[in-house]
Amino acid sequence: MEHSNKKYDIVVVGGGPAGLLAAGKAAMDGASVLVLEKMEKPCRKLRISGKGRCNITTTKPFDEFIEEVKPNGNFLRDALKEFFANDIISLLNAMGVATVEERGQRVFPASGKAWDVAEALIKWTKSLGVNIECHSSVTDIKAANSKVESISFSTKESRNSTTIGCSKVIIATGGKSYPLTGSTGEGHQLLANLGHTLTPLLPVLVGLNTQPKISDTKGLTLKNVKVTLISNGKTIEEEFGELEIMPYGLSGPTILKLSRNAVELLSKGKPCELEVDLKPALGPEKLFNRIERDIATFSRISAIELMRKLLPSEMAFFVLEETGIGGQKVASRLSKADIENIRDTLKRIVFKVKSSRGWDEAIITAGGVSLKEVNPKTMESNIVKGLYIVGETLDLDGPTGGYNLQIAYSTGWLAGKSAAHEIRTNEK
Ligand SMILES: Cc1cc2nc3c(=O)[nH]c(=O)nc-3n(C[C@H](O)[C@H](O)[C@H](O)COP(=O)(O)OP(=O)(O)OC[C@H]3O[C@@H](n4cnc5c(N)ncnc54)[C@H](O)[C@@H]3O)c2cc1C
């Protein structure tokens, strides 16, 4: 294949973490590699990851990692054996990016800058001789006799597409979330055109639109709460931790985690509710006693002031409204039934999940190219020879905590290794 008067063994589509790891590893193993990236620079999404800090990976053990990945973490066994958390940490350290491990076995750059991780990956790739061409949007891939034959792309300078012959293409175009970063799902379309099956694409790790709304809230974080996802009366999943109250509904770490199952249930037309326990550390009896104690200590305060001793202001109003008890009622006049009512509401507020937030707010795409159509030992397509599929384009997703970037590096690395190996084998 030829481009800019140079021949390339492998063309990588997409300059995100999966594409760069694929390109770097293939180059390391002797292949000449061209990366075609649609945006003005590679790794736009990685640069904003982890709230700009980039949760690079997780040091959770191998089996635990696999357990957390949906719909089938076992698909990743070979990729993770080739390249796991220690490997990306070593690679980044060697490129001058020091790393630190934080609570929850999350690894971050010591500088706290995702930008540093992106620049290090680009530098590493380029140092191995990879040519990265930005503003190059791949529009078509042609196959003949079930083998990759050519790739077409348009550039900023020329809207007329350029077609180059090639026998190895690695698709690393990401998912559909945060489309402004360049991940718009085009890769999925290219692959569907080549005969690949796509499982439904869903925005996950995302806030949820819920009812009732908590009025007057611009964004409030509640710590140490328990949130339970329920469908048709059945408990699906439980999470402890932070809950963010948003004008549209609920978000925060607990909700992002639960959103994976919630969005899937909604997509199947199933009902979905969230039960919030605002005081999970206190059992019903202890909580009743605590409220009684507060009333005895501050006998002259109103019901709303009593609630404010238990919750932030906006939440106190909301909870009291849910109980139907007037805010101005004197606390010492609350009956036993009133106190039980307050206690029960603190322990269980039910929110109906109407829908999820959209693609521009979702951290990850669930669904993608069916895993049945990709060889987990090489990442090569079972449908088109010479075509490799990696990263978020695949039907694989993990929770927050560094899993999704690790999936990108590991699948990219394995594809780069496999494609370069094929090139060398064919040369012999
Ligand atoms: C806000 C946010 C925060 C996140 N934080 C974390 C975190 O801290 N830790 C973590 O593990 N994960 C995090 N993730 C998820 C993680 O960033 C992604 O899973 C990961 O970037 C996927 O890597 P990828 O290489 O497969 O795809 P992407 O990073 O999406 O890269 C795909 C690339 O392909 C390019 N492209 C697309 N179509 C074409 C085309 N037709 N031609 C040429 N190029 C094309 C795109 O421009 C893009 O550069 C976060 C995601 C978001 C949105």
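**Burial, rings and pockets**

Author: Ser418 has a relative accessibility of 9%, which is under 20%, so Ser418 counts as buried. Ser418 lies in helix α13. The model is a predicted one.

Reader: How far apart in space are Ser418 and Ala27, C-alpha to C-alpha?

Author: Along the sequence, Ser418 and Ala27 are 391 residues apart. In space, the distance from C-alpha to C-alpha is 12 Å.

Reader: What percentage of the residues in the chain is buried?

Author: The chain has 13 helices and 21 strands, and its C-alpha trace spans about 90 × 45 × 40 Å along the principal axes. It holds 428 residues, and the buried share of them is 54%.

Reader: How many aromatic pairs are there?

Author: Rings are paired here if their centres lie within 6.5 Å. By this rule, the count of aromatic pairs is six.

Reader: Why is the pair of Phe62 and Phe84 classed as it is?

Author: The ring centres of Phe62 and Phe84 are 5.8 Å apart, inside the limit of 6.5 Å. Their planes stand at 75°, and angles over 60 degrees count as edge-to-face. The class of the pair is therefore edge-to-face.

Reader: Which elements hold Phe62 and Phe84, and how many residues separate the two?

Author: Phe62 is in helix α3 (residues 62-68), while Phe84 is in the loop between α4 (77-82) and α5 (85-94). The pair thus links distant parts of the chain, with a separation of 22 residues.

Reader: Is Phe84 buried or exposed?

Author: The relative accessibility of Phe84 is 16%. Since buried means under 20%, Phe84 counts as buried.

Reader: What is the class of the aromatic pair formed by Phe65 and Tyr403?

Author: The centres of the Phe65 and Tyr403 rings are 4.9 Å apart, and the angle between their planes is 45°. Stacked needs under 30 degrees and edge-to-face over 60. The pair is tilted.

Reader: Which residues do ring pairs link into a cluster?

Author: Phe62 pairs with Phe84, and Phe65 pairs with Tyr403. The cluster linked by ring pairs consists of Phe62, Phe65, Phe84 and Tyr403.

Reader: Over which rings do the charged ends of Arg53 and Lys309 sit?

Author: The charged end of Arg53 is 4.1 Å from the centre of the ring under it, that of Phe108. For Lys309 the distance is 4.3 Å, and the ring is that of Phe298.

Reader: How many residues in the lining of the second largest pocket are charged?

Author: The lining divides by class into four nonpolar residues, three polar and five charged. Among the charged ones are Glu264 and Lys268. The number of charged residues is five.

Reader: What gives the most to the lining of the largest cavity?

Author: There is one cavity of 30 Å³ or more, and the space in the largest cavity is about 40 Å³. Its lining residues are Ile364, Gly391, Glu392, Leu396, Asn404, Ile407 and Ala408. With three residues, the most comes from α13.

How values were computed: Residues are numbered from 1 along each chain as its sequence is written. This is a predicted model: local features need pLDDT of at least 70, side-chain atom pairs count only at pLDDT 80 or more; totals for chains, interfaces and linings use all residues. Side-chain values use heavy atoms; hydrogens and water are left out. Helices (H or I, at least four residues) and strands (E, at least two) are DSSP runs, numbered from the N terminus. Buried means under 20% relative accessible area, exposed over 50%, partly exposed in between (1.4 Å probe, protein chains only). A charge sits over a ring if NZ of Lys or CZ of Arg is within 6 Å of the ring centre and within 35 degrees of the ring normal. On a 1 Å grid over the protein atoms alone, a cavity is a set of points where a 1.4 Å probe fits but cannot get out, and a pocket is an open set with protein on both sides within 12 Å along at least five of seven lines; lining residues have an atom within 4 Å of a point. Grid points are joined across faces, edges and corners, and a volume is the space filled by probe spheres set on the points.
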